[in-house]
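Here's a quick briefing to read alongside the model, with the main points grouped by topic. Keep the structure open while you go through it.

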Amino acid sequence: MEAGTCDNAAAGAPFVEKSSGHGDSSGGSDEEKRTMQRAAAAGVVECGSRMKRLFGFEREDLSSWHRLVCLLNRPADPASLGIFRFLFGMVMAIDITQERGLSHLDYKYLDGAPVCRFPLLNFLQPLPLDYMYLVYVVMFFGAIGIMLGCFYRLACLMFISTYWYVFFLDKTTWNNHSYLYGLIGFQLTIMDANRYWSIDGLRSPKKRNAQVPLWNYTLLRSQVCIFIVYFIAGIKKLDADWVEGYSMSYLAHHWLFDPFRMILPNEMVSLLVVHGGGLCLDLSAGYLLFFDATRPYGIFFVSYFHCMNSQLFNIGMFSYTMLATSPLFCYPDWPRRFFAHFPCFLRPVLPLTTPPPQPSTSCVYPEIRNTCTGAQENISLATLFSILYLTEQFFLPYSHFITQGYNNWTNGLYGYSWDMMVHSRSHQHVKITYRDGKTGVVGYLNPGVFTQSRRWKDHGDMLKQYATCLSHHLPHYNISDPEIYFDIWVSINERFQQRIFDPRVDIVKADWSPFRPNPWLMPLLVDLSPWRTKFQEIEGSLDNQTEIVFIADFPGLHLENYVSEDLGNTSVQVLQGQLNVEIVDEKKNYTLQPGEKKQLPAGAYHKVYTVSEGPSCYMYIYVNTTEAALQRNFTKLFELQERVRNGTETEPLPPELQPLITGENDEGSEVSVTDPIVRLFLKRQQRMKEVKKRREANVFERLNRFAVKKYYMYRRTFLMTAIAMRNLAVGLPPLDQLTREVAFANMKDPEANQDLKDEVGHDEL
């Protein structure tokens, strides 16, 4: 719907008096054409009621189907839509090499390797690697075609067909913005976004600078801002965990919030700025952008929000895609007015500023008497489709009562619900147990074996797929008819660590349906949520070397755990319920009541049974004595090094400590150091030096590092794609030649340091 218009040409709603025809520049009399063009060029018509000034339409426009068709198909300037098409295609072309994975496709699909995959439908499987490169090439050229508006419909079909195929291949990569990209690509396919600043416009005068129906803008605005992204995301954030500040509390420590920490304590930054600010922005962003009076404020806050997100999260091109959508809420002719300020010599390569848009057969041109002539069947179908599409998009985020099998502690597969960042998880303990169905032999698997993803831990449907895949692979390792059991402990939004799935159920044979509740899903112990305030008090009373883990378990179940020898001071203390602690080596049991504590031996197994009628709550308290001792040694070595530097150390250093002097200016000298503690100390110092150098780099050094990183990424993308296309065209070369080609493509920046991955939020700059 048109925001803040008075039915003027800038708003894309000229009234034209015609007796016949549909505004086609190739049909009708010359007088009719001139009349329509004058109407399109006219900048002012009489403004209507207050509702019309605010929303761009009258209440009567919704009074009948005929009037609604006229409203949604009234002509609008194609300029803003054309600019968005260009930006979206450009961003998608970049995204294909990055988040879609073209730059590392051979690692993503591991052609020929025994890998467990998680498609939406089990029959979907990736093509051989060279053909997957071809799929991505088609997707890439589709995005380029969208950007340039070249063979536009074909380009859109190339993009969305391959995009959705890749999307459905792997549920573990699903997220809201990847789903949104596919939706926008689908919408552009049925829109007339190639009528401004496009190669198709140069090829076809009929399309060049032709008006588009208003529903083109209505779909994008509704999808991107009003309800379906921002507002529904805000509604999802009305969840108690978000409102109380438990969903994203760790973000308050990020450097972006340093200005707020100057006036607020960290807890209030988390509650008011991170959670409160995010909630208010999502609920209000669409409305701020919709109305003329508030649009400048909306664009400012939305732009600031997405610029922050680009630094806070590893979300690819999502922030830039959303920045590109904000101008859709401005008057559709804003590019004409914007580019009119550029010098004349740049006009040939810039979007058109003149002449005004020409009429189009896709639009309905009402007569002055406020009747609508020329509404064709396809125009009515476009209106019907717009209404049905928006209805479906409003319904999907709340459709989890249908797809109940995908519901876990949170509803549905993460992706189409717009519950962005509402839930954070941490995994403390994951154990996969197999049992040979014939011999009864029991063994354990490394969590994540045969897969590159970790998201199967939180989703019952993926766990079922993973167990089925493992049951197919294990017979190759002399394990017949395997039974597979998962013991997965998860904390969601800072609650107790607890089991998410029943560890007693063989998942291979377990029943699962997308339309029935998962019978082996353990309930989230929401009644224990008030304990989170107590957690903060307990953690605040501990010293810096003491760690703590909060556990909740169900009656009749037990936790088998091993205390590492590094954890020399470990105990378990009951908070609620009753426990029976078994020390396996000692073959002794100890019953604990609330408030009681038991010291646990290091280097040994123990089992914690819940013997109370209700769930039990307890906590592990431990100190990593090995790490604490290492830190004390590091402190002594640092103090000694400082004394040597400033000349206050009078005693000669023993040979094993000489590298403290000779090694500080010689990179890599720690390799020859005999003392392991000194070697670790020098390595740690070198690492800290490199991290400090990167963090203190000036803008030019950061830009250079960014450019070099992207150069090697795109270089590998091009070379590996070229190798795959050559293989498809002429066949595989000799293995030695292929090995040399791949090694050449894998060449990296010699100064790149893969160890420097702790700079969260600075991945790009």
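A salt bridge here is a side-chain nitrogen of Lys or Arg within 4 Å of a carboxyl oxygen of Asp or Glu. Keep in mind that this is a predicted model: local features need pLDDT of at least 70, side-chain atom pairs count only at pLDDT 80 or more, and totals for chains, interfaces and linings use all residues. Residues are numbered from 1 along each chain as its sequence is written, and side-chain values use heavy atoms, with hydrogens and water left out.

**Salt bridges around Asp 241**

- Arg 532 sits in helix α20 and Asp 241 in helix α12, so their pairing ties together parts that are 291 residues apart in sequence. Helices (H or I, at least four residues) and strands (E, at least two) are DSSP runs, numbered from the N terminus.
- Asp 241 has a salt bridge with Arg 495 too, where the closest N and O atoms are 2.7 Å apart.
- That pair links helix α12 (residues 240–243) to the loop between β7 (483–492) and β8 (498–499), so it joins parts that are 254 residues apart in sequence.
- Asp 241 counts as buried at 5% relative accessibility, and Arg 495 is buried at 13%.

**Other salt bridges**

- By this rule, the count comes to 25 salt bridges.
- One of them pairs Glu 642 with Arg 645, with 3.0 Å between the closest N and O atoms.
- Both residues of that pair, Glu 642 and Arg 645, lie in helix α21 (residues 625–646), three residues apart, or about one turn of the helix.
- Glu 642 is partly exposed at 28% relative accessibility, and Arg 645 is partly exposed at 46%.

- On a 1 Å grid over the protein atoms alone, a pocket is an open set of points with protein on both sides within 12 Å along at least five of seven lines, while a cavity is a set where a 1.4 Å probe fits but cannot get out; lining residues have an atom within 4 Å of a point. Grid points are joined across faces, edges and corners, and a volume is the space filled by probe spheres set on the points.
- The second largest pocket has 30 lining residues, and Tyr 246, Ser 249, Glu 494, Gln 536 and Glu 539 lie nearest its centre.
- Elements giving two or more residues to this lining are α14 (266–290), β5 (425–435), α20 (531–540) and β9 (546–553).
- By class, the lining splits into nine nonpolar, 14 polar and seven charged residues. Ala, Val, Leu, Ile, Met, Phe, Trp, Tyr, Cys and Pro count as nonpolar, Asp, Glu, Lys and Arg as charged, and the others, Gly among them, as polar.

**The cavity**

- Searching the whole structure turns up one cavity of 30 Å³ or more.
- The largest cavity holds about 40 Å³ of space.
- Its lining is made up of Arg 495, Phe 496, Gln 498, Leu 524, Leu 525, Leu 528 and Ser 529.

Notes:
Buried < 20%, exposed > 50% of the residue type's maximum accessible area, 1.4 Å probe, protein only.
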